[in-house]
Amino acid sequence: MAHVVLIPWLSRGPVGAICAQTALWRLTASTLRHFTLTSMMKSKRKTDHLERTASVLRREVMAAAKVCEITYQSPSVKSLRLLVADKDFSFKAGQWVDFFIPGVSVVGGFSICSSPQLLERERIIELAVKYTNHPPALWVHNKCTLDSEVAVRVGGEFFFDPQPTDAPRNLVLIAGGVGINPLLSILRHSADLHRDQADRGRSRETGTIKLFYSAKNTSELLFQKDILDLVHEFPGKITCSLHVTKQTTQISAELKPYITEGRISKEEIRDHVSAETLFYICGPPPMTDFFSKQLENSHVPKEHICFEKWW
């Protein structure tokens, strides 16, 4: 049976997108495909999210979501917390959502930066969106308000979803700019797993997590407090190295022990190569290409190298 979800605002959308006989739109797998294709045809951007990810697996569930919190993570990045009441909506740490906005024909694609457990507990997901001229990003920065309604659908093959029977793995997370978003989801998920094991008194050893994160300056290091809170909560388990490439102001005393001026180096990454380590990379394409190639040259198996490119 096809999954059906009712999303009231879609009834106010373009007539040509999806035909409806009732006041509410009933979204099945076939109508979702029609809506997606219609949005693709309306977008003239060659780097449109739907075009780039056309071959990537997606969940069938499209869910209504309501904006319940808006904050600035940096001068150019705004974060949204969305309430998703549909219990059939779920995701794996590292995945993204197709972001459908009423009145905007172009579909956005934004990585989820919260953990799956937050969704399970509170029915909340979090996104962080950088200001660009792309219509979905413009809407987030210029028109989105508390209680704004959108629709979301999960997709992506870049995720971390360890099972209880899996051997423990160390993680190295390499982020550039807003590429931190899916890696923060993985970091938060890993922290939740550590807490679960401590709460249940499990004796099985868990792996370590090392985050390398590069941005132009400290004001563009997103979620820095959240990251440092996890480092302090799990000493020896979670560590970070924060890099800035164009810092012009004084670095705060709290951040200074974690800051390196200059790009993340291949030598730093090479020091963490081991048979038990998985590497997750997300950032601009040149960065992901560089580090994935360096890891291959260091004889890291391809199945241990996961990367996501964002344009």
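Q: With which residues is Asp-192 in contact, leaving aside its neighbours within four places in sequence?
A: Contact means heavy atoms within 4.5 Å. Asp-192 has its place in helix H5 (residues 180-199), where helices (H or I, at least four residues) and strands (E, at least two) are DSSP runs numbered from the N terminus. Leaving aside neighbours within four places in sequence, the residues in contact with Asp-192 are Ser-115, Gln-117 and Arg-121.

This is a predicted model, in which local features need pLDDT of at least 70, side-chain atom pairs count only at pLDDT 80 or more, and totals for chains, interfaces and linings use all residues. Residues are numbered from 1 along each chain as its sequence is written, and side-chain values use heavy atoms, with hydrogens and water left out.

Q: Does Asp-192 count as buried or exposed?
A: Buried means under 20% relative accessible area, exposed means over 50%, and partly exposed lies in between (1.4 Å probe, protein chains only). The relative accessibility of Asp-192 is 9%. Because this value is under 20%, Asp-192 counts as buried.

Q: Which residue forms a salt bridge with Glu-126?
A: A salt bridge is a side-chain nitrogen of Lys or Arg within 4 Å of a carboxyl oxygen of Asp or Glu. Glu-126 is buried, with a relative accessible area of 5%. The side chain of Glu-126 meets its partner at 3.8 Å, N to O, and that partner is Arg-81. The pair links distant parts of the chain, strand E7 for Glu-126 and strand E4 (residues 77-83) for its partner, Arg-81.

Q: How many residues apart are Asp-98 and Arg-153?
A: The side chains of Asp-98 and Arg-153 meet in a salt bridge of 2.8 Å, N to O. Asp-98 lies in strand E5 (residues 96-100) and Arg-153 in strand E8, so the pair links distant parts of the chain. Both residues of the pair are buried.

Q: In which helix do Lys-225 and Asp-229 both lie?
A: Lys-225 forms a salt bridge with Asp-229, the closest N and O atoms being 2.8 Å apart. Lys-225 is exposed, with a relative accessible area of 58%, whereas Asp-229 is partly exposed at 37%. The two residues are 4 residues apart, about one turn of the helix, and both lie in helix H6.

Q: How far apart in space are Ala-167 and Gly-207, C-alpha to C-alpha?
A: Ala-167 is placed in the loop between strand E8 (149-155) and strand E9 (170-176). Ala-167 and Gly-207 are 40 residues apart in sequence. In space, C-alpha to C-alpha, their distance is 9.1 Å.
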